[in-house]
Amino acid sequence: EKSNIYNDSGLDKCEFYAITNKGEKFKPLKEIASGGEISRIMLAINLVIQRSSNNTLIFDEVDSGISGATASNIGDLLNKLSSFKQLIIVTHLPQIASKSDFHLFAYKIKDEERVKSSIKILDNNHHELEIARMLSGKNVTDCSIKQAKEIISNG
């Protein structure tokens, strides 16, 4: 739909096309990409235009559908971008969270009438414990704490 009316975004409209799987043709990003893929594509775009006027970027689901070495690589790219921008990243992966300068823990509190969300800034010790919990699940062990320290020091 083309409109000749100017607005605060200008006159032009832009649509991104991408190939998300080998052997596919270019298709509109909005039709083929998951939330995680869109977030990772936005990361790539922002790395290219890192000196733009936006000072804060929010990435939600940047870890969707990835793990292991890929998650570590995404964490490295986010860390690189963070030297130019303030980033807020929602992640469930220790490979990404371990590379943060500040780790915020989001949690929910249930009372009799409703559920409230809250956020707590984690100090270094609690950051290590949270990375260990992300690695091992409910039961944090000495082994997961050791692994958390190793992941953090390598980040």
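Mentor: Start with the crossing: H2 passes H3 in a left-handed sense. Keep in mind that this is a predicted model.

The residues that make this contact come from both helices. H2 supplies Arg-40, Leu-43, Asn-46 and Leu-47. H3 supplies Ile-74, Leu-77, Leu-78 and Leu-81. Sorted by class, the contact of H2 with H3 holds 6 nonpolar residues, 1 polar and 1 charged.

Now the geometry. Two packed helices are described by the angle between their axes and the distance between the axes. For H2, which spans residues 35-48, and H3, the angle is about 40°. Their axes lie 10 Å apart. An angle under 35 degrees would count as roughly parallel. H2 and H3 are therefore oblique to each other.

Leu-81 sits in helix H3, which covers residues 68-81. Its relative accessibility is 0%, so Leu-81 counts as buried. The cut-off for buried is under 20%. Leu-81 also has a spatial relation to Leu-57. The two are 24 residues apart in sequence. In space, their C-alpha atoms are 9.7 Å apart.

Helix H5 (residues 124-136) packs with helix H6 (residues 142-154) at an angle of about 115°. Here the axes are 8 Å apart. The range for roughly perpendicular is 65 to 115 degrees, so H5 is roughly perpendicular to H6. H5 passes H6 in a right-handed crossing.

On the H5 side, the contact is made by His-127, Glu-128, Leu-129, Ile-131, Ala-132, Leu-135 and Ser-136. On the H6 side, Ser-144, Ile-145, Gln-147, Ala-148, Lys-149, Ile-151 and Ile-152 take part. By class, this contact of H5 with H6 has 8 nonpolar, 4 polar and 2 charged residues.

Finally, a strand pair. Strand E5 runs over residues 103-110, and strand E6 over residues 115-122. E5 and E6 pair in the antiparallel sense, over 8 bridges. They form a hairpin, with 4 residues between them.

Conventions
Residues are numbered from 1 along each chain as its sequence is written. This is a predicted model: local features need pLDDT of at least 70, side-chain atom pairs count only at pLDDT 80 or more; totals for chains, interfaces and linings use all residues. Side-chain values use heavy atoms; hydrogens and water are left out. Helices (H or I, at least four residues) and strands (E, at least two) are DSSP runs, numbered from the N terminus. Buried means under 20% relative accessible area, exposed over 50%, partly exposed in between (1.4 Å probe, protein chains only). Two strands pair if DSSP finds at least two bridges between them. Axes are lines fitted to C-alpha atoms, for helices over the stretch in contact, and angles run from 0 to 180 degrees between N-to-C directions. Angles under 35 degrees count as roughly parallel, over 145 as roughly antiparallel, 65 to 115 as roughly perpendicular and the rest as oblique. A crossing is left-handed if the near helix is turned anticlockwise from the far one by less than a right angle, and right-handed if clockwise. Contact means heavy atoms within 4.5 Å. Ala, Val, Leu, Ile, Met, Phe, Trp, Tyr, Cys and Pro count as nonpolar, Asp, Glu, Lys and Arg as charged, and the others, Gly among them, as polar.
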